[in-house]
Amino acid sequence: MLPNGEDDSDLMRLVKELQASLMKNDKLEKENHDLRQEVARLRAQVSNLKAHDNERKSMLWKKLQSSYDGGNTDAATNLKAPESVKSNIKAHEVKNPNLKPTVKEQSTAIKPPPPPPLPSKTTLGKRSVRRAPEVVELYRALTKRESHMGNKINQNGVSSPTFSANMIGEIENRSKYLSDIKSDTDRHREHIHFLISKVEAATFTDISEVETFVKWIDGELSSLVDERAVLKHFPKWPERKADSLREAACSYRALKNLETEILSFKENPKEHLKQILQKIQSLQDRLEEAVNSTERTRDSTGKRYKDFQIPWEWMLDAGLIGQLKYSSLRLAQAYMKRITKELESNGGGKEGNLLLQGVRFAYTIHQFAGGFDEETLRIFNELKKITTSESKKINK
């Protein structure tokens, strides 16, 4: 057996290695936390861009519809104006042959104004290609004709205003999507007004009531061809409150499902060590990401929920968030038990830093949950005993 001084030296060496590993782990956790914050920010930015994209699409279709309504009158007026100007100029030339330079200057001054500039290709073309490429081609063709000669008749003897109106009408008539939106708006108008009153008056005392209400609202709106497009025709629709209700119900249900998955986790003794440890680590990573994301936005989200009388206490440590942190102890127990069993069956020394891996995971759960309960602490002490037992075997 080695002297007591050498035994202490080995223990001190292990302690130093453990401390160095923990410091490195803290650094990695901080970097991981910063990366998750950046991911959350980018996801929020993507969500805002998608909402902006949908709004731009809706505005494009409204402009297309309005151009159809006013196409006949405006285009015909713009195209007939140059003809009347020419006739006045000719009459003036006959009566006053000596005023040709003046008349020429006048005709130059009263030319019709140039058409408005085309929107950028990346805006108009990209937005419309997915629905109706004919819109881009038609717009370019019409503006080109108007810039050269507004009163010119095409080869088929049909005037440009009539041609453009017919083409736009044909595009609109062929758009089943647009006609379905109009149909839903008219058919469900009374029922949507009823839903508006229900959403505005809704108050809740428990988050489970929000889940039930959101499920009912979604069922009532599921028959619409495009919920957002139809509801845009109802200015009184409480969009912010409805979105907040859905957000709260969805976030709560996702966290509850994750908690159920963790609590129902069972280890398969026949499964390979590396695979089972990876599964436990993956569950813990998902749990930390979900909890940290909720805690980062808890203040702003909780204030918004209060304004709409939506329960928010489940986001606190005394609510569901605290339950999730406590459920992580189950993962720590499974992780340490499997490593302890592996070390005992293989003599411990053959697995290299497997002991350190188990201690590192236990430390991570300890910091995340805020401590251990009695059962988790007991399992940790069993893992800790292996260090002492292995040291004694080496010293003999």
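Modeller: Rings of Phe, Tyr and Trp (its six-membered ring) are paired if their centres lie within 6.5 Å, and planes under 30 degrees apart count as stacked, over 60 as edge-to-face and the rest as tilted. This is a predicted model, in which local features need pLDDT of at least 70 and side-chain atom pairs count only at pLDDT 80 or more, while totals for chains, interfaces and linings use all residues. Residues are numbered from 1 along each chain as its sequence is written, and side-chain values use heavy atoms, with hydrogens and water left out.

Biologist: How many aromatic pairs does that rule give, and which residues form one aromatic cluster with F204?

Modeller: The count comes to five aromatic pairs. F204 and F213 form an edge-to-face pair, with 5.5 Å from centre to centre and 65° between the planes. Together with W216, F204 and F213 make up one aromatic cluster. Both F204 and F213 are buried, where buried means under 20% relative accessible area, exposed over 50% and partly exposed in between, with a 1.4 Å probe and protein chains only.

Biologist: Is E211 buried or exposed, and which residues is E211 in contact with, leaving aside its neighbours within four places in sequence?

Modeller: E211 counts as buried because its relative accessibility is 19%. E211 lies in helix α8 (residues 207-221); helices (H or I, at least four residues) and strands (E, at least two) are DSSP runs, numbered from the N terminus. Contact means heavy atoms within 4.5 Å, and, apart from its neighbours within four places in sequence, E211 is in contact with A249, Y252 and R253. The C-alpha atoms of E211 and A248 are separated by 8.2 Å, although these residues are 37 apart along the chain.

Biologist: How should I read a helix pair, and at what angle do the axes of α10 and α12 cross?

Modeller: Two packed helices are described by the angle between their axes and the distance between the axes. Axes are lines fitted to C-alpha atoms, for helices over the stretch in contact, and angles run from 0 to 180 degrees between N-to-C directions. Helix α10 (residues 239-263) and helix α12 (residues 298-307) have axes that come within 10 Å and cross at roughly 125°. That makes α10 oblique to α12, since angles under 35 degrees count as roughly parallel, over 145 as roughly antiparallel, 65 to 115 as roughly perpendicular and the rest as oblique. R240, S244, E247 and A248 in α10 meet T301, R304 and Y305 in α12.

Biologist: How many helices and strands does the protein have?

Modeller: The protein has 15 helices and zero strands.
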